[in-house]
Amino acid sequence: MNNVSTGLIISPNPKAQQIAGELLNILPATVVDVSFSQDKSLQKQLHPYKKMHRLIAVGGDGACLKAMRVAFELSKNNAQKPVRVFGLNCGHIGALSNDIGNIYDLPQRLETLSYQLIQPLEVKTTFCEKVMYHTFFNEVILKPYENVTKLHIVWKDNVWHQKNIRGGLMIATKIGENASNACNYTGPEEILPIPDIAHWRMSTVHAMPNDQTCDKPFQEIISADSTVTVDVVNPYEDRNAQLVGDSHYHDGDRALMQKGKLVGRQCNVLFVEKIKVAKAAHGVLLERDKCRS
């Protein structure tokens, strides 16, 4: 612990604030927080974290995902020593986090954790010849802008599928399966489980099996070493598909205010003609108590 510099990412909810205050009394941690904004460069926003070896996310899965995104950006410069992320669940689902337990036992717990290398989805998008890159830890969803969109999906040299979709196409990771994306899935009656972090699930979302305009719902379990290419074959005039992910884009979210208070954030819509999804070259270490591994 003495050689590990620790930063805190704290949810605004009261319980998380209380737990974070207690942590400051028992850990040599530096409180740092960041909200990605268009007004500042990404490197400036990451600056407070640059010397951190471990990030403790105090809050729900949203705080943990935020910490993972920060850790991922920091680890780009040193992929051999990825930044570690440890979540303390002060939220609702807590699929990515650990139980609070006795907070004063935390220094000892941090010495005996198990961990997994989590490599997010690296997404390349193309629209009107403009190329952009994004990363997502849970899932990426391609949604029709309106009505029905036809997709040409390729995930192996000799495996492809053409599909008309109303709801969307989802490519989900194992950590996303444990959180919210399975709840949004209304395709086949039986959802194929993602066996481990070495696999993804590709599936339709909010499919309408009785709608003759659309193909039957489908799902595939594919290797995380696959590269999935999706072309929007016939968008209606300028109605291209929209890209939706598990977290906000670095360059496109805005604050939602209500009576002077921040109540949430909204992503700018990203229209795409083509996406290419592959496993990122590096990742972060998600730390868990051994009982949760």
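Q: Two strands pair if DSSP finds at least two bridges between them. With that settled, what is the order of the six strands in the open sheet with antiparallel pairing?
A: The order is E13-E12-E11-E8-E15-E18. Strands (E, at least two residues) and helices (H or I, at least four) are DSSP runs numbered from the N terminus. The model is predicted, so local features need pLDDT of at least 70 and side-chain atom pairs count only at pLDDT 80 or more, while totals for chains, interfaces and linings use all residues. Residues are numbered from 1 along each chain as its sequence is written, and side-chain values use heavy atoms, with hydrogens and water left out.

Q: Which strands stand at the edges of that sheet?
A: The edge positions belong to strand E13 (219-223) and strand E18 (270-272). Each has a single partner strand, so one side of each is left without a neighbour in the sheet.

Q: And by how much are neighbouring strands turned against each other?
A: On average by 25°, direction ignored. The axes are lines fitted to C-alpha atoms, and angles run from 0 to 180 degrees between N-to-C directions.

Q: Let us go through the pairs. How many bridges join E11 to E12?
A: Four bridges connect strand E11 (residues 169-172) with strand E12 (residues 199-204), and the two run antiparallel.

Q: Which residue in E12 is the bridge partner of alanine 172?
A: Alanine 172 has arginine 201 as its bridge partner in E12.

Q: What about E8 and E15, over how many bridges do they pair?
A: Strand E8 (residues 139-143) is paired with strand E15 (residues 241-245) over four bridges, in the antiparallel sense. Within E15, glutamine 242 stands opposite lysine 143.

Q: Then E15 and E18: in which sense, parallel or antiparallel?
A: Antiparallel, over three bridges. Here valine 272 in E18 stands opposite alanine 241.

Q: Do go on to E1 and E2. In which sense do they pair, parallel or antiparallel?
A: Strand E1 (residues 6-10) pairs with E2 in the parallel sense, and three bridges are found between them. Threonine 6 has alanine 29 in E2 as its bridge partner.

Q: Where does glutamate 129 lie?
A: Glutamate 129 is located in the loop between E6 and E7. Glutamate 129 also has a positive phi, of about 70°, without being a glycine.

Q: Is cysteine 128 buried or exposed?
A: Cysteine 128 is exposed, with a relative accessible area of 54%. Exposed means over 50% relative accessible area, buried under 20% and partly exposed in between (1.4 Å probe, protein chains only). Glutamate 129 is exposed as well, at 79%.

Q: Next topic: glycine 94. Buried or exposed?
A: Glycine 94 is buried, its relative accessible area being 2%. The residue occupies the loop between strand E4 (84-89) and helix H4 (106-109).

Q: What separates its C-alpha atom from that of cysteine 64?
A: The C-alpha atoms of glycine 94 and cysteine 64 are 8.9 Å apart, with the two residues 30 residues apart along the chain.

Q: And where does proline 48 lie?
A: Proline 48 is in the loop between H2 and strand E3 (54-59). With 37% relative accessibility, proline 48 counts as partly exposed. Its C-alpha atom is separated by 9.2 Å from that of valine 31, which is 17 residues away along the chain.
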